[in-house]
Each structure stands twice: as C-alpha cells, then as structure tokens.
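Please take the sequence and the 3D structure that follow as a pair, and read the explanation with both in view.

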2 protein chains.
Amino acid sequence: MINELVAKIQKTNAPIVVGLDPMLKYIPEHVTGKAYKEFGETLEGAAEAIWQFNKEIVDNIYDLIPAVKPQIAMYEQFGVEGMIAFKKTVDYCKEKGLVVIGDIKRGDIGSTSEAYAVGHLGKVQVGSKSCYGFNEDLATVNPYLGSDGVEPFIDVCKKEKKGIFILVKTSNPSSGEFQDRLIDGRPLYEIVGEKVAEWGAQHMGESYSYIGAVVGATYPEMGKALRKIMPKAYILVPGYGAQGGKGADLAHFFNEDGLGAIVNSSRGIIAAYKEEKYAGFGAENFGAASRAAVEDMQKDIASALK
Amino acid sequence: MINELVAKIQKTNAPIVVGLDPMLKYIPEHVTGKAYKEFGETLEGAAEAIWQFNKEIVDNIYDLIPAVKPQIAMYEQFGVEGMIAFKKTVDYCKEKGLVVIGDIKRGDIGSTSEAYAVGHLGKVQVGSKSCYGFNEDLATVNPYLGSDGVEPFIDVCKKEKKGIFILVKTSNPSSGEFQDRLIDGRPLYEIVGEKVAEWGAQHMGESYSYIGAVVGATYPEMGKALRKIMPKAYILVPGYGAQGGKGADLAHFFNEDGLGAIVNSSRGIIAAYKEEKYAGFGAENFGAASRAAVEDMQKDIASALK
C-alpha cells in the first residue's frame, strides 16, 4: 500500500491527504436539514448528514488527490450509527480509487493491539471464515505502550501489505508536555522516531517503509531532525492550514526525491465554503469550494517544494 | 461516578473489575455454534456469540463485583457488528447495576478528543437534541498528546459526573521502552503520574478524584511510588492473574484506607472454565466457573490487604 500511495502522489503531483472529519457545524443546513427530516435529530440523522456531506466532497475532489484520512472520533461520537457512516465512507473512498488512512490512533498491548490491527487493517477469523471489519488501507497508531503495542500492527500489515503511521511529534500546542522531555539529552520524540526507523526496517516497500510517522506541520524544525532520523519513513503531516502550519514550513518534511511526506488538511478543505476566500461558492456548492481549496493547497505545497 | 464506584467496592468488599474481553477462542462451542447456525460464520455471528457469552457471565457474577471493563478492541475487530455488541454489553451491565469502564485508550487533540469524550461519556448535540453515543461510566485515556488530549475528557466528565483512568505505567513487558526512560533522573511514568495528580485536582469526588490512573500489577514497586505521587487518584490495576501479577503484589496500589485501587482480571475470570482448577464445571457451565473464579480472586485480594 505504501508503493501505491507513493505512485498516486506522483501521478496527482499532490502530496496531500484530505481529512474527512465532518463536524456537524461544518455541514451546510440544506444537508443536515434533509437528513433530520428523514431520520429526525437523532444519531441516525447525524450519521446520514455526515455521510451525504462526505460523499459530495469526495465526488468533487477524488481525481485531484491520492488519499483521504477519516478521523474516526468524528464518527464514533455518534455511537454505532456513526461507525456505520465511517464504514460507508471508507468503502466509498476506496471505490473511488483513494487510499484510505484511518486516523484511529489506537494502541494497546499484545492480543488487544492485534484485535485493533485485525479490525482496521486485516481480517478477523470467525469459525472457518475470515472477514474484514473496517478495512482501511493504513492507520495511525499511538506508541506509548512500546513494541508490544506496535508489533501486532506490523504483523498484520505484513500479511495484508498495509501500513501504519506512528505518532511521533503531534501538531497540538501541548504535545511537548511529554514528547519534548529530554532523555539523555534528547527529546522523547527523537527516541520514538528512532524506534519508528527500527520498526520500519522490518517491513520495507520499494523506496519507503510501510511503517511511517506522524509529525506536526506546526513543528518544522523538529520535522527536519526527524526527517534525518527516519529517512525511509513516510511522514504524515497534520497541522497545515487551520492549525497554523504554512506551506513554506513543509519543505523540511520531504526528502530530496521530493517524496517522503504527505500533508493533511481537514477543516481547510471540507469547510472551505465557510472561508471568506471561497465564500463566493455559497453553501449550496460546498463541494466545489472544497475542490478549489485542494487546488490552492496543491499550488502552495508545489511552490514550497521548488 | 467515582463516589458510586467507591461505594460499590465497599459494599461488595471486592476491589475487582472484570474485563469483558471476549476473544472467540474463549467462548464455548455450544455458544458459538448456536450463533453461527443463526447468523453464519460472519461478523454478525461473531457479535452474537460474544454478546451471549458476556450476558451469561454477567448474569453469574453481577452481584459479587462493583464494575466491569469491556475492552473495545475485542468488539471493534468485528467491525460495526462488533460495536453493536459492545453497546449492548454496556447497556446490559448498567441495567444490572454495574459500573462500566470502557477500556478504549483513546486520546487525540482538541476537538477530536472532545468527540471521543462526548461519544463515550457524554452527549452529542444533534440539531436541538442531545444524544448518548456509547455512554460508559468511565473510560481509559492515553496521555501521549498531553493536556490538549486529556482536558476535553475532563470537561465532559465534569458535566456528566463521570471519570477517566489515564495510562501511566502499563502492564506489558515492553511498557518500559518509553515509559521508564529517565527525564531529569526520573522515569516518564512518574512525570505522567504527576500530571494525573494535577489534572485530578480539577475534578474531585468525595474522597477520590474522578481522574484516575492505570498502573500494571506487574510493576508493584512502581505502583508503590505512583501511589504516593497520586494519593487521590483511583488506580485501575491490570495484569493480575493471567499476565503474572499476584495478590501479594497488590497491597502497594492501595491506600491506608483500604481503598484507592481496583484490580482487573479478564481471561482469569471469563475463561475460567478452561483452567484446570475450574475444569470440573465443564464448558456448559462456564458462567458458574467465572463466579467461582471471582470468589477466589476476592479472597486472594482480601488476604493480600490484611
């Protein structure tokens, strides 16, 4: 899947992943209104609204980008109904030829991590049959529990030719509370980065490893250091746009081959119609606004990488 | 909810939580066979089997214990169908008067952590209505992202009078890879423990905080140190029994009031009928075997606390 992701990035010339994180406040009233009319102001109504919203956006942008990243929390908040909308979104994006990164940030120990890995990336055995659960292409993983938590994911990834992105340095303001603490003079995120490189060597694709990392766009200097520590890891870069990361900051996350990173934008794309710049589209045409925002992001990143 | 948990622990004289982590290999053939006959060897069949298995165990033990801890990964591996079984299990346990700790180990940033908090412990706003998603009483949370990841949970807990247990020192063999690394001469888990005490002061119950910690039974000396660092935090202690933690190791996790810790056992209880000691019950009576195992665990812990 990492080879496929790299190929799609090269084909689209867009190292971009769109975060499908549909908060209800981003969804135009004509979409929520229709869903609530059919299903009421219920979990089912909310799930229908986010699914219709996602579908319209995906239909407008799928040919421009290699990948999407649904944030499962935004679905899980609506309980079982939300999980159904998550699964529909994953399946639909795959039908449209997009690589799907499940932003699940799971991580547990031994057989429990294995269950998450199987449920999101692999197949679970039921009697004599094996069945797919959510079946994303890649997923994000939390490293706090150490190798016991990560290796079951790697095992499933090897079987399925899938991959993971391990949280190394997250984009949020308080990420430094633990991640930046110095251990023998070096920050924890570098220690985690070294483990990512080590884990990554176990499951290499053609030019990059199936085991990647998450490093926030909001910390470009740390990105530069981590780029060197994990040369073969694809870096998933959140925090561009709405969170404050700028195109110019992104160059550090890429290798000299122009590859090695994929930049996420969520709000900036899916709620583009709410920004002044794209307000001309109107709420009715929110999908077209998202398309314009993707095109602008693609140009911004291309000029930063020149 | 922390006050209610403490009261139930005192009433049952059992600082015990039973982990409802139903792997298919633990479930007797008469249960899986019936489920597969009705729904096939499918995700639905698996979900029916784990739900029937849980129900039988809960019916046999609910009067002996204060709380259960379903591990969501064991449900999530079966996709949407598994999540339906998780929700049925949560609801049923609450009906039976049990406190339900969702072992979800979620953790993300800002609005994303808020979505997890709302989905598992609070109510989500849908138009003019607010709806419960999974509605556990307490949940486990991963601290790697720092305060941004934890505070949205605390906010929801304050509104709902619910609580969380934050991962501090996990029970697995490789937990030390990052958690034991020294920062200014002190291990990371102690730094996290200090933050738990700080976060806990924001949301106090009568004698304990709504903000607790997870510390593995497999590390009793670390438990002793952490007990002092977080005197008001309830400690959820996994790793007893099947993972190697012994009754005698547990005393360190408790305060002098005999409170302050709740010990989890999963496999040792729910798959008791597979152990030599309880084999006499037979697979048909797996629920009765679980009851005997709870009674033995209660005695083991009581004698360790004498």
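**Where the two chains meet**

In chain B, 72 residues are in contact with 72 residues of chain A, contact meaning heavy atoms within 4.5 Å. This is a predicted model, in which local features need pLDDT of at least 70 and side-chain atom pairs count only at pLDDT 80 or more, while totals for chains, interfaces and linings use all residues. Residues are numbered from 1 along each chain as its sequence is written, chains are lettered from A and ligands numbered from 1 in the order in which they are written, and side-chain values use heavy atoms, with hydrogens and water left out.

The area buried between chain B and chain A is about 5700 Å², with 62% of it given by carbon and sulfur atoms; buried area is the accessible area (1.4 Å probe) that two parts lose on being put together, summed over both. Of the area that chain B buries against chain A, Glu41(B), Tyr144(B) and Phe178(B) supply 16%, more than any other three residues.

Eight salt bridges are counted between chain B and chain A, a salt bridge being a side-chain nitrogen of Lys or Arg within 4 Å of a carboxyl oxygen of Asp or Glu. The structure holds 40 salt bridges over all chains. Arg106(B) lies in strand S3 (residues 99–106) of chain B and Glu76(A) in helix H4 (residues 73–76) of chain A, so their pair joins two chains; here helices (H or I, at least four residues) and strands (E, at least two) are DSSP runs, numbered from the N terminus. The closest N and O atoms of Arg106(B) and Glu76(A) are 2.8 Å apart. Arg106(B) counts as buried at 1% relative accessibility, and Glu76(A) counts as buried at 1% as well, where buried means under 20% relative accessible area, exposed over 50%, and partly exposed in between (1.4 Å probe, protein chains only).

Within chain A, Lys169(A) forms a salt bridge with Asp180(A), their closest N and O atoms being 2.7 Å apart. Lys169(A) lies in strand S7 (residues 163–169) of chain A and Asp180(A) in the loop between helix H8 (176–179) and strand S8 (182–183), so this pair ties together parts that are 11 residues apart in sequence. Lys169(A) counts as buried, at 0% relative accessibility, whereas Asp180(A) is partly exposed, with a relative accessible area of 26%.

Within chain B, Lys55(B) forms a salt bridge with Asp59(B), with 3.7 Å between the closest N and O atoms. Because Lys55(B) and Asp59(B) are four residues apart in helix H3 (residues 43–61) of chain B, about one helical turn separates them.
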